[in-house]
There are 2 protein chains.
Amino acid sequence: MPSNDLKYTLLYHGGVPGRGEFIRLLLEASSTPYTDPANAGDPSPVYASCKPECTGIDGNPPAFSPPMLKVAGAGKDGKDLILTQTSNILLYLSKTLGFNGDDEVDAYYVNALTLTALDLNNEVHDTHHPVGTTLYYEDQKEEALRAAGNFREMRIPKFCSLFERTLKGNEGKGKGKYMVGKSLSYADTTVWQVLNGLKFAFPKEMKAREGDYPLLFGTFYPSVEGEKGIKEYLGSERRLKYGMGIFRDYPELDRQ
Amino acid sequence: MPSNDLKYTLLYHGGVPGRGEFIRLLLEASSTPYTDPANAGDPSPVYASCKPECTGIDGNPPAFSPPMLKVAGAGKDGKDLILTQTSNILLYLSKTLGFNGDDEVDAYYVNALTLTALDLNNEVHDTHHPVGTTLYYEDQKEEALRAAGNFREMRIPKFCSLFERTLKGNEGKGKGKYMVGKSLSYADTTVWQVLNGLKFAFPKEMKAREGDYPLLFGTFYPSVEGEKGIKEYLGSERRLKYGMGIFRDYPELDRQ
């Protein structure tokens, strides 16, 4: 799908799904072409606006960290727009691509649910880096064991319960397949991605808990996975494997 | 300012500024009346849609946690709208109240910068709760000392540098007083609130670093504090003191 003169460029680290994946899933669900330079062999454009001396490029503010989305010609004075923050990028894309519910109110529900799923995603990251992102896992392993235990016992059920009840409250329209309204939204793809990552990072814990959330794991999860653009994408080479990103294969942090 | 039949109800824990404060600051900057039931003696409305069995109220999805904003009559079928997630609430309010930059592109910059300041806010919380929010500080104090050291040395400068460079990049329009465009936005009030909290929680650390960011602490910070609605609010009884919320007086976590 990626080619060279496309409107959308996803600026994210190469080699891991990471936070870029939430944006990829919306682009792929809507069959929107995009370039992904770090995964096409040249990560340098990703870091230009994150440099510690950068005051912004083409009238855009400087970036804290990837992901960013570059939109050709959509910025100030016809220059390129560079947007930061995952949910902000999804919000922007949804104004053109849709996937944000049935009406204006739904669009706020979709944004809120996406932010909640991204909070969960951050909490997963903090299970293996509770002391700080700038230290190695090995240097905070003891803290990580405690943090992961707390996360598995208290936070996974709290988030899964919210998602299950959101599906239940919208069951009349969404049939258990959609969190908001009558069709796929980027809240669905975002929640799905976090659940997919949790199943990878905490396979025993998730296996033990899935039965408690029948709509979430029985209906919603397989349904999102089977949506046209998503199914095709997941079967393609563009879908990256988990590695040393947010979701990691550390069996010691899983249920024992 | 609060009265009983107002359009906007802020649903947040009583007694601490917390994440509710970001919403209060936008309402106060725009002199918008609102009710704040938990701080008016009745916290029960705050928790109705967060209950572990709730599938949503009046067609709104269930909430993960406060803050929420209730908007009378603005939801589905003329019912009350209940919105969750701080940045989502600010985004919604800005469509009516403004304070979101000079144009449509600016509105995305404002949202992104707000999200970045809220990320910093979360990281502050994690300095005293690195293992988990469900445990007492005293039960994770050792981890907190390590996490706070890392936060002070690596994260405070990284975020402050981004804010300084954002002001620099927008200096032509914002004169160092505004992060985006030519006037006050909710990105400014959000960044200001986090800096205000950091000065409370890490007074020695912030004192030692302020000189490195002349626009941020020399121009921006006092300017936001002096904006009409904000100045009035900060001098009122509605402005709550920091306590056992995000920003805490734990001298052992500050620079020694």
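**Exercise 1. The interface between the chains**

Find how many salt bridges the rule gives across the interface of chain B and chain A, and examine one of them.

Solution. Step 1: the rule finds 6 salt bridges across the interface of chain B and chain A; the model is a predicted one.

Step 1: in one salt bridge, the side chain of B:Asp103 meets that of A:Lys76, with an N to O distance of 2.9 Å. The rule asks for a side-chain nitrogen of Lys or Arg within 4 Å of a carboxyl oxygen of Asp or Glu, so this pair qualifies.

Step 2: count the polar contacts. Between chain B and chain A there are 26 residue pairs in polar contact, with both residues at pLDDT 80 or more.

**Exercise 2. What chain B brings to the contact**

Determine which elements of chain B supply at least two residues each to the side that touches chain A, and how the residues of that side divide into nonpolar, polar and charged.

Solution. Step 1: list the elements. In chain B they are strand E3 (81-84), helix H3 (86-97), helix H4 (104-128) and helix H5 (141-169).

Step 1: sort the residues by class. The side of chain B that touches chain A has 24 nonpolar, 17 polar and 16 charged residues.

Step 2: Chain A contributes 57 residues and chain B contributes 57 residues. About 4,800 Å² is buried between the two chains, and carbon and sulfur atoms give 57% of that area.

**Exercise 3. The sheet of each chain**

State the strand order of the open sheet in chain A and in chain B, and identify the edge strands of each.

Solution. Step 1: take chain A. Its open sheet has 3 strands in the order E1-E2-E3, paired antiparallel. Strand E1 (8-11) and strand E3 (81-84) of chain A are the edge strands, each pairing on one side only. From one strand to the next the twist averages 20°.

Step 1: look at one pairing in chain A. Strand E2 (residues 68-71) of chain A pairs with E3(A) over 4 bridges in the antiparallel sense. Within E3(A), A:Thr84 is the bridge partner of A:Met68.

Step 2: take chain B. Here too an open sheet of 3 strands runs E1-E2-E3 with antiparallel pairing. Strand E1 (8-11) and E3 of chain B each have a single partner strand, so one side of each lacks a neighbour in the sheet. The twist in this sheet averages 20° from one strand to the next.

Step 3: look at one pairing in chain B. E2(B) and E3(B) are antiparallel and share 4 bridges; B:Lys70 stands opposite B:Ile82 in E3(B).

**Exercise 4. Backbone exceptions and a loop**

Locate the cis peptide bond of each chain described here and the residue of chain B that has a positive phi although it is not a glycine.

Solution. Most peptide bonds are trans, and most residues other than glycine have a negative phi.

Step 1: find the cis bonds. In chain A, a cis peptide bond joins A:Pro66 and A:Pro67, with omega about 5°. A:Pro67 belongs to the loop between helix H2 (44-47) and E2 of chain A. In chain B, the cis bond joins B:Pro66 and B:Pro67, with omega about 5°, and B:Pro67 is in the loop between helix H2 (44-47) and strand E2 (68-71) of chain B.

Step 2: find the positive phi. B:Phe99 has a phi of about 60° and sits in the loop between H3 and H4 of chain B.

Step 3: follow a contact of B:Phe99. Leaving aside residues up to four places away in sequence, B:Ser30 touches B:Phe99 and B:Leu97. B:Ser30 lies in the loop between helix H1 (20-29) and H2 of chain B, and its side chain reaches the backbone oxygen of B:Leu27 at 3.1 Å.

Terms used:
Residues are numbered from 1 along each chain as its sequence is written. Chains are lettered from A and ligands numbered from 1 in the order in which they are written. This is a predicted model: local features need pLDDT of at least 70, side-chain atom pairs count only at pLDDT 80 or more; totals for chains, interfaces and linings use all residues. Side-chain values use heavy atoms; hydrogens and water are left out. Contact means heavy atoms within 4.5 Å. Buried area is the accessible area (1.4 Å probe) that two parts lose on being put together, summed over both. A polar contact is a pair of N or O atoms within 3.5 Å; within protein, one must be able to donate a hydrogen and the other to accept it, and residues adjacent in sequence count only if both atoms are side-chain atoms. Ala, Val, Leu, Ile, Met, Phe, Trp, Tyr, Cys and Pro count as nonpolar, Asp, Glu, Lys and Arg as charged, and the others, Gly among them, as polar. Two strands pair if DSSP finds at least two bridges between them. Axes are lines fitted to C-alpha atoms, for helices over the stretch in contact, and angles run from 0 to 180 degrees between N-to-C directions.
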